[in-house]
Amino acid sequence: MAKQDLKYTRNIGIMAHIDAGKTTTTERILFYTGLTHRLGETHDGSATMDWMEQEQERGITITSAATTTFWKYNDQEHKINIIDTPGHVDFTVEVERSLRILDGTVALFCAVGGVEAQSETVWRQAEKYGVPRIAFINKMDRQGADFYNVYNEIKEKLGANPVPIQIPIGAEEKFEGVIDLIEMKAIRWFEDETMGTNYSLEEIPADMLEQAEEWRGKLVESVAEVDDELLERYFEDPESITTEEMLKVIRRATIEGIIIPLMCGSAFKNKGVQRLLDAVCSFLPSPLDNGDVTGVNPVINKEVKRTADVEEPLAALAFKIATDPFVGRLAYMRVYSGKIEAGSQVLNSRTGKKERISRLYQMHSNKQNPKEVIEAGDICAAVGFKDIRTGDTLCDVKHPIELESMDFPEPVIGIAVEPKSQKDLDRLSNGLSKLAEEDPTFKVQTDHDSGQTVIRGMGELHLEIIVDRLRREFKVECNQGAPQVAYKEAISKPVDLREVFKKQTGGRGKFADIVVKIEPAEEGKVGLEFIDQVKGGNIPREYIPSVQKGFNEAMSNGPLAGFPVDSLKVTLLDGSYHAVDSDQLSFEICARQAFRHAASKAGPKLLEPIMKLEIVTPEEYMGDIIGDLNRRRGDVSGMMSKGNARVIHAKVPLSEQFGYVTVLRTLSSGRATSSMEFSHYQEVPRSLAEKVLESVQGKVDLL
């Protein structure tokens with residue numbers, strides 16, 4: 001029975017650029033599926049899925065919210081688990097971890113804005129995890145809406161294969177409905193008090209019949225890549241192809257990632273959402289369609305597979321940790337195989353420890369519905385973990401498995417925070433540790449020199465929300481410093497060095513002697529590349545991992561100003577040891593000293609984060625905006641037209657971007673918008689590097 005049910009389960013996400021209408025679309029889905037009885041709106045702070053106070057005040061989504069709803073399609077009830085993700089680049093981790101565990105996703109595009117900067121980012125994230133997609137062009141009622149322009153942009157900018165299964169009837173204020181190219185019928189929604197629940201199927205208007213037939217032909221040609229027989233029949237007798245056959249082949253092509261079915265509508269005006277739900281049930285995969293999940297058995301270090309079946313051993317992935325004021329730490333997870341029961345014991349593969357699950361919940365935004373058991377293919381939240389992190393695998397104690405975890409971007413900006421009063425001190429550290437547990441892109445560090453607490457995140461908005469949450473959820477009032485850029489250090493030339501560490505204190509001493517070559521790592525490599533070339537047992541084997549550990553730890557404190565060194569190649573060439581005085585700690589300390597002495601001679605340089613900036617502006621402000629970008633050391637990489645506006649693409653150092661939104665508003669009388677995301681690290685020009693180092697600690701001698 002469970003297997004049969006899984007066929008009708010869909011785990012989907014809604015992803016898009018900021019302001020494309022993700023939360024509004026989700027709210028409509030909840031309304032039409034009967035989960036809510038009134039329509040929540042983002043702009044007046046009543047959206048169900050935007051439950052945080054900060055989300056309601058700002059009209060943006062900050063955390064991904066999960067909910068479960070049901071939709072009847074072809075007389076069969078389908079269970080749909082939905083995750084509404086943020087569009088703002090500062091919260092990109094929320095999209096990343098949601099996509100990791102979803103079976104399919106709806107990519108939303110604004111009919112006016114088209115493919116925007118963050119649309120590209122989330123699209124690449126979905127490609128990385130191989131998630132099948134449906135595209136929905138929203139806001140067809142807005143001035144400047146252009147379905148065909150967005151269709152072309154999806155093809156050109158994303159390199160995708162969008163295939164319209166609907167085309168719009170009218171646009172802007174004349175947007176009336178859509179033509180369904182599969183059934184070859186027109187669909188019009190009634191403007192009445194039923195909020196778009198009622199719509200009619202009609203014959204295609206005569207003036208659009210030719211256009212509809214042309215796009216129907218393109219649709220059949222696209223799906224024929226999957227099914228040659230369909231193409232032959234289309235040329236022989238177009239009428240012979242049934243709706244069922246078309247749906248079946250489109251489903252297969254969507255799951256294989258060959259095509260992206262393209263639809264349109266206006267979620268705010270209640271047009272097109274029911275058809276989108278039908279498409280989710282019809283084209284996106286169930287947990288069974290995605291095949292087995294692959295992991296590694298950590299005990300025997302061999303690859304193992306799990307099928308989406310309740311009879312298999314448990315395998316689940318924790319994709320998000322949240323702190324709830326009433327139930328404590330909530331771990332959101334996707335169950336891939338087996339079942340998870342309240343009160344049962346599971347194994348955390350990362351820690352190797354058993355954990356007891358005290359309670360299980362099916363989530364509806366921030367409300368929990370208690371459950372006794374959750375089976376394969378489902379998404380749930382659990383309480384009771386002592387030690388759990390995002391990306392942990394939870395599995396059957398007797399059948400261990402470790403699923404592939406997730407990679408998260410490094411934070412690029414930091415601010416120093418301190419409590420306003422002594423009594424807030426404990427609350428601050430407690431609040432920060434809970435928030436860091438929830439968010440893998442948020443880091444807390446103590447500055448070695450000043451003793452200050454520095455919090456690091458993905459952008460100014462990210463840190464602003466963190467400080468706001470400290471105040472509201474943890475009742476901590478704190479002062480904050482000016483934003484600081486997360487610089488890194490690197491070396492530019494190879495250095496050979498012999499380092500001897502000797503300490504005599506009476507009794508047993510300390511001794512280690514190593515000969516190393518340190519050099520810049522190859523392009524694109526991150527971390528320490530350690531090569532052991534010691535011959536003839538000059539250093540005993542058990543001491544070599546200590547040398548590697550010493551270098552690894554030393555890299556967190558670069559030679560110029562203590563910024564981390566991101567990548568390094570170290571070759572251990574030779575050395576010697578003392579039969580009595582040498583031990584692992586001696587070689588570790590020796591390696592740390594070797595790094596400090598060698599790195600300062602290896603042409604150390606300072607690296608800064610460079611951000612990708614996209615600005616959309618009316619043409620008359622172009623000159624001022626580009627002039628301002630040049631003053632900020634910006635590198636304009638391209639300009640293009642979009643309707644009446646111009647789009648500027650540039651790469652700008654993060655250190656020059658603080659407060660940029662305000663400046664841009666001033667330059668364009670409030671008419672230009674910008675979005676920014678991390679691109680790469682680049683060397684800081686020498687003249688500026690000296691200023692940075694002086695501001696950090698008055699050190700310029702090494703440069």
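Helices here are DSSP runs of H or I of at least four residues, strands are runs of E of at least two, and both are numbered from the N terminus.

Before going on, the ground rules. This is a predicted model, in which local features need pLDDT of at least 70 and side-chain atom pairs count only at pLDDT 80 or more, while totals for chains, interfaces and linings use all residues. Residues are numbered from 1 along each chain as its sequence is written, and side-chain values use heavy atoms, with hydrogens and water left out.

Back to H12, residues 460–473. Its 14 residues should span 20 Å at 1.5 Å a residue, and the end C-alpha atoms are 20 Å apart, which agrees. The expected span is 1.5 Å times one less than the number of residues. Buried residues in H12 include Leu-461, Leu-463, Ile-465 and Ile-466, and also Asp-468 and Arg-469. Buried means under 20% relative accessible area, exposed means over 50%, and partly exposed is in between, with a 1.4 Å probe and protein chains only.

Two other positive phi values. Asn-270, not a glycine, has a phi of about 65 degrees. Asn-270 sits in the loop between strand E11 (260–264) and helix H10 (273–283), and is buried at 9% relative accessible area. Arg-633 has a phi near 65 degrees, in the loop between helix H15 (622–631) and strand E36 (635–642). At 28% relative accessibility, Arg-633 is partly exposed.

Next, strand E5, residues 133–138. Of its 6 residues, 6 are buried, so E5 is largely enclosed by the rest of the structure. Arg-133, Ala-135 and Ile-137 cover one side, with Ile-134, Phe-136 and Asn-138 on the other. E5 pairs in the parallel sense with strand E4 (104–110) over 6 bridges; pairing requires at least two DSSP bridges. Cys-110 is opposite Asn-138.

Last, the cavity. Where does the largest cavity lie? Domain 1 (6–283) and domain 2 (293–403) both give residues to its lining, so it lies between them. Those bounds come from an automatic or database domain assignment.
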